[in-house]
Amino acid sequence: MKKVVMAAMGGTLAGIVATTQFVGPLVAQESARTTNVYEQLDLFGDIFERIRAQYVEEVDAGDLIEAAIDGMLTSLDPHSSYLSPDDAADMRVQTRGEFGGLGIEVTQEDGFVKVVSPIDGTPADDAGIEAGDFITHVDGDSVLGLALDEAVDMMRGPVGSEIIITVVREGESEPFDVSIIRDTIKLTAVRTRLQGEAVVLRVTTFNDQTYSNLEEGLAEQIEAAGGLDNVEGIVLDLRNNPGGLLNQAIRVSDAFLEKGEIVSTRGRNPEDGDRYNATPGDLTEGKPIVVLINGGSASASEIVAGALQDHRRAIVVGTKSFGKGSVQTVMPLRGDGAMRLTTARYYTPSGRSIQSLGVSPDIIVAQPRRPEATEEEEETNAFSRSEADLRGSLDNDSLSEDEIQQIEADRDKAEAAAALREEDYQLAYAIDILKGLTALQPSND
């Protein structure tokens with residue numbers, strides 16, 4: 001027993017000695033760091049005063065300070081930035097779902113502005129801007145080397161005014177110009193419709209309206225279908241959705257989950273981490289779900305897709321998502337400005353981070369570019385005929401009138417599905433998966 005106590009005491013003494021040995025150097029290092037920081041602040045003050053006194057033109061001191069603050073934040077990562085009072089006000093308006101602009105979510109890559117995604121029904125979307133496009137010039141002026149906020153400012157302007165952006169697109173040999181008329185952007189967070197027996201929930205952004213729009217729209221479409229029993233499944237379309245509010249991503253995920261973790265966030269300090277779990281209640285009562293994503297699906301979209309994928313609640317179809325796995329906190333500052341600071345990474349229920357990697361679909365389905373029909377193909381389609389079109393052809397004598405009508409109704413559905421493949425191949429693929437899952441479900445008879 002004495003040996004045990006002595007051993008414990010020896011370990012304690014060794015620990016004390018070790019601590020004593022390292023405290024001195026650590027304190028010295030911290031003191032050196034502090035001194036170095038104050039020297040750098042003095043250097044900043046010297047540069048600030050020289051600019052004010054000797055720059056070729058008179059500059060506004062406040063603008064210099066704002067530029068310095070923004071430069072400090074943007075040096076951290078592409079999503080941290082300073083928001084001037086006007087920018088902070090604009091951001092608050094955007095999260096409410098209405099603002100002025102082009103209707104694109106952008107980030108910065110290799111010094112150029114990269115389109116994360118155009119927003120449905122906006123001037124940028126109507127002009128044909130695509131996720132992954134690089135914007136190199138705005139009205140002939142290069143954006144290379146500008147901070148992201150500066151480039152975004154160049155794209156802002158009065159509603160109704162024209163802007164010409166120069167775009168570099170993969171697959172195009174030369175840059176090309178796109179003319180866009182600025183407009184007031186009114187976001188409809190969720191658009192819903194029936195496509196055959198499937199309910200399509202097109203989520204365009206995650207703002208204050210998203211969950212309520214989704215809940216109301218889903219209920220309307222279920223009623224239009226004649227009840228949930230007549231619905232094959234749900235297509236949750238998150239393509240070109242640039243993200244938005246974390247709490248809305250959690251609520252949308254929770255809408256389809258009965259239990260389990262939705263997402264976790266981890267900051268620099270372990271105690272700053274959070275876990276968000278689903279609550280009982282599935283709005284679809286377990287109906288099959290297919291989630292559509294692409295390279296324009298980012299942030300909150302990836303939280304939803306990752307949660308439903310990890311819980312095997314949905315099949316994820318499309319192409320790899322954008323890969324923004326960080327959380328930004330907006331902190332109000334004096335003078336009505338704000339600071340957007342990356343404070344955490346988020347992780348899907350399985351513990352994986354999608355930062356820079358994105359969510360990988362269960363089934364990769366690219367959206368093919370729509371080919372233009374040749375005159376020969378159009379002529380062939382116009383004159384295609386069947387036996388039933390021939391004069392004097394015999395009637396089918398093995399089926400009743402009701403059975404013939406049912407066959408014709410099924411044929412109409414098949415033709416509608418074929419037309420959808422021409423219009424939106426990825427969506428048609430998702431609906432085909434739902435049909436297959438429904439066909440495999442046991443009958444209630």
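Thr210, Tyr211 and Leu214 of helix H6 are in contact, meaning heavy atoms within 4.5 Å, with Gln248, Arg251 and Val252 of helix H7. The residues of this contact divide into three nonpolar, two polar and one charged, where Ala, Val, Leu, Ile, Met, Phe, Trp, Tyr, Cys and Pro count as nonpolar, Asp, Glu, Lys and Arg as charged, and the others, Gly among them, as polar. The model is predicted, and local features need pLDDT of at least 70, side-chain atom pairs count only at pLDDT 80 or more, while totals for chains, interfaces and linings use all residues. Residues are numbered from 1 along each chain as its sequence is written, and side-chain values use heavy atoms, with hydrogens and water left out.

**The chain overall**

- The chain has eleven helices and 19 strands, which are DSSP runs numbered from the N terminus (helices H or I, at least four residues; strands E, at least two).
- Of its 445 residues, 35% count as buried, that is, under 20% relative accessible area with a 1.4 Å probe and protein chains only.
- Among contacts between residues at least 6 apart in sequence, 67% join residues at least 24 apart.

**Helices H6 and H7**

- H6 (residues 210-224) and H7 (residues 246-254) pack at an angle of about 25°, with their axes 9 Å apart; axes are lines fitted to C-alpha atoms, for helices over the stretch in contact, and angles run from 0 to 180 degrees between N-to-C directions.
- The two helices H6 and H7 are therefore roughly parallel to each other, a term for angles under 35 degrees.
- Gln248, Ala249, Ile250, Val252, Ser253 and Asp254 are buried in H7, and the buried residues of H7 pack against H6, strand E13 (261-266), strand E14 (274-277) and helix H8.

**The six-stranded sheet**

- An open sheet of six strands runs in the order E10-E11-E12-E15-E16-E19, with mixed pairing; two strands pair if DSSP finds at least two bridges between them.
- Strands E10 (190-195) and E19 (363-364) stand at the edges, each with a single partner strand, so one side of each is left without a neighbour in the sheet.
- Strand E16 (residues 315-318) pairs with E19 in the parallel sense over two bridges, and Val317 stands opposite Ile363 in E19.
- H6 packs on this sheet, touching E10, strand E11 (198-203) and strand E12 (233-237), and its direction makes about 20° with that of E10.
- Helix H8 (residues 300-310) lies across E12, strand E15 (289-293) and E16, running at about 145° to E15.

Technical notes:
Angles under 35 degrees count as roughly parallel, over 145 as roughly antiparallel, 65 to 115 as roughly perpendicular and the rest as oblique. Buried means under 20% relative accessible area, exposed over 50%, partly exposed in between (1.4 Å probe, protein chains only).
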